[in-house]
Structure formats: C-alpha cells, structure tokens
Amino acid sequence: MNIVIIGKSGQLAFELSRELENSDHQVTFLGRDDIDIMNASNVEEKLSPLSADVLINASAYTAVDKAEEDTEACNAINALAVQNLAKFCKANGAFMVHVSTDYVFNGHKGSPYLTDDPIEPQGAYGKSKAAGEKALLEILPDASCLIRTAWVYSSHGNNFVKTMLRLMADKPQLTVIDDQIGTPTWAKGLAEACVSAAENKTAGVYHWTDEGVASWYDFALAIQELGVEKGLLDNLIPVLPIPSSQYPTPAKRPHYSVLDKQTAREAFATCKLTHWRKQLASMLDELKA
C-alpha cells in the first residue's frame with residue numbers, strides 16, 4: 001500500500017514513522033517545506049505524482065491559546081487544508097485518515113462523549129477543528145476515517161509531560177488545575193489506530209484515547225511519582241490542586257472531555273487500548289533510555 005503522511009515534525013508523525021518503518025508499505029512524509037496544504041493547486045501538484053492509496057493527515061494548528069488571536073492561520077491549517085486534502089482524495093480515489101480533537105465538544109456533558117454527540121466548540125481552535133471535520137465528512141463521507149483524540153504526548157516534541165518534568169526539576173512547588181477532566185493519550189497508541197484505519201480503510205467517526213480518566217492534577221502527580229521511580233526526577237515536590245478560575249487562559253478548555261471508545265474498540269480490534277498510567281510509564285522509559 002502507498003501511504004502519504006502530511007506532517008513531519010509533530011508527535012503523531014514521529015510515532016507514525018516508528019510504527020511504519022518496518023512495514024511493507026511505501027510511506028512518504030511531507031512537511032511544510034514539501035507541500036503547502038493551504039493551497040489547492042500545490043496540493044494537486046505535490047500529491048499527484050505520489051499516487052497515494054491512503055493519505056494520513058498528521059498536521060494541525062494546536063496552539064490553543066494563540067489561536068484566539070491567530071484565527072486566520074488556525075482556520076487555514078485546521079479547516080481549509082483539510083478541505084483541500086479531502087477534495088484531492090475524492091478526485092483521485094484515495095482514502096483519508098484525519099485526526100480531530102475533544103475540543104469540538106462543549107465539555108458540559110459529564111459522561112463520555114459518543115461519536116455522534118452534538119458538537120459545540122467553545123474557542124477558535126475547537127471551531128477550526130469542527131470546520132475541518134465538517135469539510136471532510138461532506139466531501140469524503142464513505143472514504144475517510146475521522147479519529148478524535150485528546151491530551152496527546154510523546155517522547156518527541158513539546159507536551160505536558162515534558163513540561164512537568166522540567167518544572168518539577170526546577171521549582172520548589174507547582175500548582176496544577178484539578179477541575180478539567182479527560183484522558184492522557186500516548187501518541188504511540190494513536191498512531192497504531194491511524195495505521196489500522198489506513199490499512200483497513202475503516203470509514204467512519206471514532207474516538208481514540210488511552211483508557212481511564214484523570215484531571216491535569218492527577219496526570220501531574222503520576223508524572224512526578226513515575227518520574228522519581230524511574231530516576232528522571234531526584235525528589236518529590238509539593239504539587240497543589242487549583243481550580244481553572246485561578247489560572248485564566250485566553251481559550252476556554254472543556255471541563256469534561258472523556259471520549260467513549262466503544263466503536264473504536266471494535267473497529268481497530270488489532271490495537272490494544274491501554275490505561276493511560278501504564279502508557280505514561282512506557283513513554284517515560286523511552287525518555288530515560
């Protein structure tokens with residue numbers, strides 16, 4: 001199979017490269033220096049010679065707070081580019097795998113979000129991702145896989161886990177928000193789901209995170225505990241819970257964004273859903289190595 005991946009530098013692209021490096025597929029990664037996904041004619045020019053069977057879109061504008069001011073760039077990458085890629089796939093008979101976010105929901109539900117629950121994004125980032133979803137599902141309803149995820153991290157790039165480890169090594173104590181609830185997700189498992197969707201051309205809308213539920217405070221405590229256990233941190237420091245009201249940000253965050261994964265559990269049966277804490281331990285082992 002000929003797989004083209006849009007994105008080179010992000011966490012998901014990094015894990016996709018590891019997941020596919022020993023596969024029998026022909027795999028091409030295209031970064032921002034290789035293709036302008038905001039330009040439909042450039043998409044046509046760069047993708048046509050590659051004759052992709054499947055395109056995986058691992059690119060996104062993810063600076064949630066910056067998006068509140070930088071809406072034009074955010075919409076260009078998260079909505080217009082998705083439309084361009086989907087139109088190319090439709091015209092050329094390619095299947096498309098696209099990753100979206102828990103931010104398309106309003107965060108008020110209080111129980112895990114189903115794939116067909118109404119979306120109601122609260123900020124510029126969520127609205128741009130929702131617009132990308134709409135474009136994809138209108139253009140490629142039967143030849144696309146839309147995977148929503150949340151709280152993604154990996155050993156590559158910048159993320160909450162690596163930020164916490166750095167701060168815990170430098171600060172005498174930390175405060176972390178305890179009233180936003182979701183599920184930490186190692187990008188490795190997400191990449192496995194994306195590859196399964198690509199190989200089987202699994203059409204539909206799915207949710208994929210690791211198993212379990214946590215607040216950012218719970219997540220931080222686990223990072224510290226496992227960080228000390230694995231020798232990445234020298235000692236424990238006080239980590240104090242605070243409400244979101246004490247840490248205002250330009251963008252609204254969903255207070256509750258746990259995603260129901262039942263349909264993904266069935267669709268990606270070869271991919272094992274693992275508890276977030278176990279996944280975190282495995283990722284920290286990578287950092288230690």
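**Entry 1: P250**

I started with P250, which sits in the loop between β12 (239-242) and α8 (262-267). Helices here are DSSP runs of H or I with at least four residues, strands are runs of E with at least two, and both are numbered from the N terminus. Before going on, I noted that this is a predicted model: local features need pLDDT of at least 70, side-chain atom pairs count only at pLDDT 80 or more, and totals for chains, interfaces and linings use all residues. Residues are numbered from 1 along each chain as its sequence is written, and side-chain values use heavy atoms, with hydrogens and water left out.

Is P250 buried or exposed? I found P250 exposed, because its relative accessibility is 61%. (Buried means under 20% relative accessible area, exposed over 50%, and partly exposed in between, using a 1.4 Å probe and protein chains only.)

Then I looked at what lies around P250. V64 is 186 residues away from P250 in sequence, yet their C-alpha atoms are 8.5 Å apart in space. Leaving out residues up to four places away in sequence, P250 touches D65 and E68. Contact means heavy atoms within 4.5 Å.

**Entry 2: positive phi**

Next I looked up backbone angles. Most residues other than glycine have a negative phi. S51 is not a glycine, but its phi is positive, about 50°. I found S51 in the loop between α2 and β3 (54-57), and S51 is exposed at 52% relative accessible area.

K201 is placed in the loop between α6 (187-200) and β10 (204-207). With a relative accessibility of 40%, K201 counts as partly exposed.

**Entry 3: α2 and α3**

Two packed helices are described by the angle between their axes and the distance between the axes. For helix α2 (residues 40-47) and helix α3 (residues 71-92), the axes come within 9 Å and cross at roughly 45°. Axes are lines fitted to C-alpha atoms, for helices over the stretch in contact, and angles run from 0 to 180 degrees between N-to-C directions.

How are α2 and α3 set to each other? They are oblique. (Angles under 35 degrees count as roughly parallel, over 145 as roughly antiparallel, 65 to 115 as roughly perpendicular, and the rest as oblique.)

On the α2 side, A40, V43, E44 and L47 make the contact, and on the α3 side N84, L85, F88 and N92 do. I sorted these by class and got five nonpolar, two polar and one charged residues. (Ala, Val, Leu, Ile, Met, Phe, Trp, Tyr, Cys and Pro count as nonpolar, Asp, Glu, Lys and Arg as charged, and the others, Gly among them, as polar.)

**Entry 4: α1 and α6**

Helix α1 (residues 11-20) packs on α6 at about 65°, and their axes are 8 Å apart. Among the meeting residues are L12 and L16 in α1 and A191 and C194 in α6. By class, this contact has eight nonpolar, one polar and five charged residues.

**Entry 5: cysteines**

How many disulfides are there? I counted zero, taking a disulfide as a pair of cysteine sulfur atoms within 2.5 Å. C194 is in none, and its nearest cysteine sulfur, that of C145, is 7.5 Å away. C194 is buried, with a relative accessible area of 0%.
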